[in-house]
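Biologist: I would like to learn how to read a model of this kind. Could we go through it feature by feature?

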Amino acid sequence: MSDGRALDRLAFEALNAAEMAAIAAERLAGRGDKIAADQAAVDAMRKGLNAMAMRGRIVIGEGERDEAPMLYIGEEVGTGEGPEIDIALDPLEGTDLTARGLPESLAVLAIAPRGGLLHAPDTYMDKIAIGPGYPKGVIDLDASPSENVQALAKAKGVDVRDITVCVLERERHQHIVDDIRRVGARIEFIPDGDVAGVISVADPDGGPDIYIGRGGAPEGVLAAAALRCLGGQMQGRLHFRNDEERERASRVGITDLERKYAEHELASKDCVFIATGVTEGLMLAGVRRGEGYVSTESLVLSSVSGARRIVETRRPA
């Protein structure tokens, strides 16, 4: 069976794993315990992954083996029969959002043939991303935020004041905010969840034009998988705060600590990306419960077919 056919066959089962994680996490939404919500999502997603007919390996997970009891980097999942699959996941992106009952939390995963996803360490990553339809080279992580905004405005044929930049609202991004505002572009802040932030620049129904900022490296790989499916562009570079984080990178096989990765290097093979809403959001509805049922809404992307699907699932409560 070809890699593409294997991915398409596994997509439905992977969707089920994401849905179950979202449902489990949503039960704890607004209860103030982000650790319990995350653990519930992890347990449910792990159960779903272990039911899949594959030889799966977690390459982006909840941490290294001695730090995470479930879904750690290097853990093997699946039935042990079928194709060799690498998996990047965040069972609950937006743990704080969920604990506080705020919108935009997701259960996220991506699957690719073995070797198809970068084994990114649990460190930070500087990122920049745009949607499809632009020539290569429009954005450059080594250019300033204002230079990238001006280059994108020129490529789009609009005034720079018509460009909207998505930025994760953090103190570390103040210099980015100042530089963007200096040239008059708009800023759309997000409180958490930069996977959704990156994906939003490729939303065919409209959204920000460009994402700029520093977030988690594992989330960067997940976002790159989505952009590979959507045709967008992304660049990322690992950011290390200390020698321990550099050592963490070397343990997962990173040798060039200064390398600037493109989206096709972060997700180097065909992949499927899935996100299921946990709490209500702009991109996806959250888990909803009715009389005897629970419903979920998911985004399913495939680089094999180029399909973008919004899937609503209703199951008995």
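Predicted model: local features only at pLDDT ≥ 70, side-chain atom pairs only at ≥ 80, totals over all residues.

Biologist: Which strands make up the open sheet, and in what order?

Modeller: Strands of a sheet pair through backbone hydrogen bonds, either parallel or antiparallel. Here six strands form an open sheet in the order E7-E6-E8-E5-E9-E10, and the pairing is mixed. Strand E7 (186-190) and strand E10 (261-262) are the edge strands; each has a single partner strand, so one side of each lacks a neighbour in the sheet.

Biologist: Where do I see the parallel or antiparallel sense of E6 and E7?

Modeller: Follow the bridges. Strand E6 (residues 164-168) is joined to E7 by five of them, and the two strands run parallel. Val165 has Ile187 of E7 as its bridge partner, and Leu168 has Ile190 of E7.

Biologist: How many bridges join E5 to E8?

Modeller: There are seven, and these strands run antiparallel. One place to look is Ala129, which stands opposite Tyr211 in E8. E5 also pairs with strand E9 (residues 233-239), again in the antiparallel sense and over seven bridges. There, Tyr124 has His239 of E9 as its bridge partner.

Biologist: Is E6 buried or exposed?

Modeller: Residues count as buried under 20% relative accessible area. Five of the five residues of E6 are buried, so the strand is largely enclosed by the rest of the structure. Both faces are covered, with Thr164, Cys166 and Leu168 on one side and Val165 and Val167 on the other. For E5, five of the seven residues are buried, so E5 too is largely enclosed.

Biologist: Which helix lies across E5, E6 and E8?

Modeller: Helix H4 (residues 145-156) does, lying across strand E5 (124-130), E6 and strand E8 (210-216). The angle between H4 and E8 is about 145°.

Biologist: How many disulfides does the structure hold?

Modeller: The structure has zero disulfides. Cys166 is in none, and the nearest cysteine sulfur, that of Cys229, is 19 Å away. Cys271 is also in no disulfide; its nearest cysteine sulfur, again that of Cys229, is 4.0 Å away.

Biologist: What about aromatic rings?

Modeller: A pair of aromatic rings is described by the distance of the centres and the angle of the planes. A search of the whole structure finds zero such pairs. There is a charge over a ring, though: the charged end of Arg314 sits over the ring of Tyr293, 3.8 Å from its centre.

Biologist: Where is Glu13, and which residues is it in contact with?

Modeller: Glu13 lies in helix H1 (residues 3-26). Leaving aside neighbours within four places in sequence, Glu13 is in contact with Ala51, Met52 and Ala53. Its relative accessible area is 23%, so Glu13 counts as partly exposed.

Biologist: And the other glutamate, what is the phi of Glu104?

Modeller: Glu104 has a positive phi of about 85°, although it is not a glycine. Glu104 is in the loop between helix H3 (95-99) and strand E4 (106-113). At 24% relative accessibility, Glu104 is partly exposed.

Note on methods. Residues numbered from 1 in each chain as written. Heavy atoms only, no water. Phe/Tyr/Trp six-rings, centres within 6.5 Å; stacked < 30°, edge-to-face > 60°. Lys NZ or Arg CZ within 6 Å of the ring centre and 35° of its normal. Pairing = 2+ DSSP bridges. Helix = DSSP H or I, 4+ residues; strand = E, 2+ residues; numbered from the N terminus. Contact = heavy atoms within 4.5 Å. Axes fitted to C-alpha atoms, helices over the stretch in contact; angles between N-to-C directions. Disulfide = S-S within 2.5 Å. Buried < 20%, exposed > 50% of the residue type's maximum accessible area, 1.4 Å probe, protein only.
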